[in-house]
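Visitor: I would be grateful for a close look at one part of this molecule. Please take me through it step by step, as I am new to reading structures.

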Amino acid sequence: MGKELSRKTHSVTGGYDISVAETGSGPTVIFIHGSGPGASGVSNFRQNIDAFVDGGYRVVLPDLIGYGQSSKPVDIDYTLALFTDTLYEALQAQGVEKATLIGNSLGGGIALQLALDHPEFVDRLILMAPGCIHEREYYFKMPGIAGMVSSFGGPDFNEDEQRRLITNLVYDPVHVTDALVKERFAVARTQPKDVIVRMRTPNLGPRLGEIKVPIQLFWGRDERFMPLEGIDLFFEACEDVRCMTFNKVGHWVQVERAEEFNRYALAFLNG
């Protein structure tokens, strides 16, 4: 990533701070990261930022509550409404009036909830293995989520454990660099375990038909977190959906196939 980022912090309801990075100019795209320990907007989409700026887009990279440089409250439930409402309030303060939402995993679920709550705000959706379209118990049966059990939030959590958790997300561990491990560990060691163990998300699957904007899905065929049958839920319920799948790719299409993801996502936006 070579683009210079500006960063602002917005105070939102509850007294929380939400940190938002931004670069580029043009129509707005908002990258919404997932829930892995140490996640942040810039860290999760480092390989995508320059391509979208060069493509003529204003790129906005928020850190969700509990992550990155945003507030990390303890002794609360991290509900989908908390993630979504604090993010929307911060984006309003950032001056975003309408945008394409690009979300991975939990970030995809947040994008769906934003599209349901504020349809006038969302232009299009680009979703990479989005969450929140099945019951929580169903996700717990997935091997990737079972592998996320760790010492995160405790004194024994270290860089080796951070590396194992990131490796669990990808098909090929070549994507798990020492720099990435250190970057995410620096954030993870500041996070409360509540951000994972007290996460509460509903099943938005029955409401997918309410979303009317065009949707581009990306899904790894070797995905171990979000069941592939989620693709059919979108095709059956929504009016305007296309999906691209990749073999030998796990939970991070935008990382594991960054060049192709950038090219196909921009073609969808420009089409």
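Guide: In this predicted model, strand S2 (residues 16-23) and strand S4 (residues 58-62) run antiparallel and are joined by 4 bridges. Within this pair, Val 20 has Pro 62 in S4 as its bridge partner. S2 is also joined to S1 by 7 bridges, and these two strands run antiparallel as well. Here Thr 9 has Ser 19 in S2 as its bridge partner. S1 and S2 form a hairpin, with 3 residues lying between the two strands. In the turn of that hairpin, Gly 14 has a positive phi of about 95°. As a general point, the strands of a sheet pair through backbone hydrogen bonds, in either the parallel or the antiparallel sense.

These pairs belong to an open sheet of 8 strands with mixed pairing, whose order is S1-S2-S4-S3-S6-S7-S9-S10. Strand S1 (6-12) and S10 are the edge strands, each of them pairing on one side only. On average, neighbouring strands of this sheet are turned by 20° against each other, direction ignored. Helix H10 (residues 230-237) packs on the sheet and touches S7, S9 and S10, and its direction makes about 160° with that of S10. Helix H12 (residues 258-270) also packs on the sheet, where it touches strand S3 (28-32), strand S6 (99-104), S7, S9 and S10. The direction of H12 makes about 155° with that of S7.

Let us now consider S9 itself. Strand S9 (residues 215-220) has 6 of its 6 residues buried, so it is largely enclosed by the rest of the structure. Side chains in a regular strand alternate between the two faces of the sheet. In S9, Ile 215, Leu 217 and Trp 219 point one way, while Gln 216, Phe 218 and Gly 220 point the other way, and all are buried. S9 pairs with strand S7 (residues 122-128) in the parallel sense over 4 bridges, and Leu 125 stands opposite Ile 215 in S9. S9 also pairs with strand S10 (residues 241-246) in the parallel sense, over 6 bridges. The bridge partner of Phe 218 in S10 is Met 244.

The loop between H4 and S7 holds Phe 121. Phe 121 has 1% relative accessibility and therefore counts as buried, the cut-off being under 20%. Apart from its neighbours within four places in sequence, Phe 121 is in contact with several residues, including Ile 30, Tyr 88, Leu 91, Val 96 and Leu 101. Its C-alpha atom and that of Leu 169, 48 residues apart along the chain, are separated by 30 Å.

Finally, we turn to a pair of helices. Two packed helices are described by the angle between their axes and the distance between the axes. Helix H3 (residues 80-93) packs with helix H4 (residues 106-117) at an angle of about 70°, and their axes are 10 Å apart. This angle makes H3 roughly perpendicular to H4. The crossing in which H3 passes H4 is right-handed. On the H3 side, Leu 80, Phe 83, Thr 84, Asp 85, Leu 87 and Tyr 88 take part, and they meet Leu 106, Gly 109, Ile 110, Gln 113, Leu 114 and Asp 117 in H4. The residues of this contact between H3 and H4 divide into 7 nonpolar, 3 polar and 2 charged.

Conventions
Residues numbered from 1 in each chain as written. Predicted model: local features only at pLDDT ≥ 70, side-chain atom pairs only at ≥ 80, totals over all residues. Heavy atoms only, no water. Axes fitted to C-alpha atoms, helices over the stretch in contact; angles between N-to-C directions. Parallel < 35°, antiparallel > 145°, perpendicular 65-115°, else oblique. Left-handed = near helix turned anticlockwise from the far one by under 90°. Contact = heavy atoms within 4.5 Å. Nonpolar A, V, L, I, M, F, W, Y, C, P; charged D, E, K, R; others polar. Buried < 20%, exposed > 50% of the residue type's maximum accessible area, 1.4 Å probe, protein only. Pairing = 2+ DSSP bridges.
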